[in-house]
Amino acid sequence: MGFRKDFLWGGATAANQCEGAYSLDGRGLANVDLIPHGKDRKLVLTGQRKMYSFEEGQYYPAQTGIDMYHHFKEDIALFAEMGFKTYRMSIAWSRIFPNGDEELPNEEGLKFYDALFHECRKYDIEPLVTITHFDIPMHLVEAYGGWRNRKMIEFYKRLVTILFQRYKGIVKYWLTFNEINVMLHASFMGAGICYEQGEDRYKTIYTAAHHELVASAWATKIGHEIDPGNKIGCMLAAGTYYPLTCKPEDVLAAQKAGQKNFFFIDVQSRGVYPNYALKEFERNGFVIPFEEDDQRILKENTVDFISFSYYRSRCAAHDAIAEGDGILDSVKNPFLKTSDWGWDIDPLGLRITMNELYDRYQKPLFIVENGLGAKDVPDENGFVEDDYRIDYLRRHIEVMKETVEQDGVDLLGYTSWGPIDLVSAGTGEMSKRYGFIYVDRDDQGNGSLKRTKKKSFDWYKKVIATNGEDLS
Ligand code: BGP
């Protein structure tokens, strides 16, 4: 009973939210570097405001992150001290191909990840690599228009081929695109797309989606060919949509909202476009830009496992307005409490989500993000007593265990989001903290970057040591 013996406990980060060093060792400029903190952030990441160069008076948190580029040895040692079995991180595409369309990679960039993986292996930590976590070299955005251009598939194939070859035998678990469904709402962050005046946004974003889906299938194919031992997964921003009431119209609205998200991983996991999407495209006059072989590539190269982030459930209704941060909005669920940032807290929703995904795909699941973004206030010694975070994680891990034990869902592992404080993707703040490790850095980029263990550090260490049996 309980979790499998080889359960992969760990934590997850993304290059652009922690590495910093945005222009060092040949790294090229990326879309994520140009997403500022503050009031323009949402406009830029959703592709409504074009900001292709740094502007005076703006602060760009990805330029420095938490400077993990220079602290990774110290940070991975702390992860190892917590007993991590895995560490989910992402590759910054523009470290490997600074412009994105070069023939040859940047050796300095590859060396950085050599060193990082070496550090993981030193402590028997299995790297779990997201190939792209919201990042695209800016040159590909400016010269090609991001993922709306089919040429992106070739550039992505070049990237993944280099990665699979270079890290063969070192990395086995891969994810092709982080939260692929987020591109629908955050087109600049997820697809490098700023909409032009008068552009048919629907057509553009689903064209880009097709390109990412085909690129993902190619990555799966190339990864399996280079090393048949590779396990390649898709990644969904998950969280079941509940109907606001049992009125059939609300139930249908919730089902439809769910399908919008499942669409991507339906293709990645089943290898064909689902009928509900084909019909919607038909109604909207959108023709999928299939080229020769696309359908075969999609069909023959489905993912090995389903990974997802879970922070919250969502709610939909036929005639109520959804609200939120403009990314994955939700109608207010009157039964749930919310976090400091207004995100619903719903541990039981994790069980519902896991069952939904497992029933739908019958493939192993991997929870690759879950956590509480909260304001931490260190005491005079710099120590944070984050009982609220422990409570959130405990309740989610309890439910995750119940789901494995009582529903028989096959779960490969769990990586909490942000084991070390890092820049928030949504808001660009440092003060929205998720970590077991506090980083002395504020929303304007001030602070010593000193790392300090929080109370949750020892708690998570115990959870891992007991394979999730002791959650007290
Ligand atoms: C997911 C992203 C992460 C991460 C997390 C928390 O959407 O994959 O990159 O940041 O959400 O969100 P936020 O940082 O906005 O609190």
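Student: Before we start, what counts as a pocket here?
Tutor: On a 1 Å grid over the protein atoms alone, a pocket is an open set of points where a 1.4 Å probe fits, with protein on both sides within 12 Å along at least five of seven lines. Lining residues have an atom within 4 Å of a point. Grid points are joined across faces, edges and corners, and a volume is the space filled by probe spheres set on the points.

Student: And what am I looking at?
Tutor: This is a predicted model, where local features need pLDDT of at least 70, side-chain atom pairs count only at pLDDT 80 or more, and totals for chains, interfaces and linings use all residues. Residues are numbered from 1 along each chain as its sequence is written, and side-chain values use heavy atoms, with hydrogens and water left out.

Student: OK. How much space lies in the second largest pocket?
Tutor: About 420 Å³. It has 20 lining residues, and those closest to its centre are His185, Lys256, Ala257, Lys260 and Asn261.

Student: Which helix gives the most to that lining?
Tutor: α10 does, with six residues. Helices are DSSP runs of H or I with at least four residues, strands are runs of E with at least two, and both are numbered from the N terminus. α9 (201–226), α10 (248–270) and α11 (275–283) each supply at least two lining residues.

Student: Which strands pair with it?
Tutor: Strands pair if DSSP finds at least two bridges between them. β4 (residues 173–177) runs parallel to β5, joined by three bridges, and β7 (residues 305–309) pairs with β5 in the parallel sense over five bridges. Gly233 of β5 is the bridge partner of Leu175 and also stands opposite Phe305 in β7.

Student: What is Ala238 in contact with?
Tutor: Leaving aside neighbours within four places in sequence, Ala238 has contacts (heavy atoms within 4.5 Å) with Phe308, Ser309, Arg312, Arg314, Thr353 and Leu357. Ala238 and Arg312 are 74 residues apart in sequence and 8.2 Å apart in space, C-alpha to C-alpha.

Student: Last one: how many disulfides?
Tutor: Zero, taking a disulfide as a pair of cysteine sulfur atoms within 2.5 Å. For Cys120, the nearest cysteine sulfur is that of Cys18, 12 Å away.
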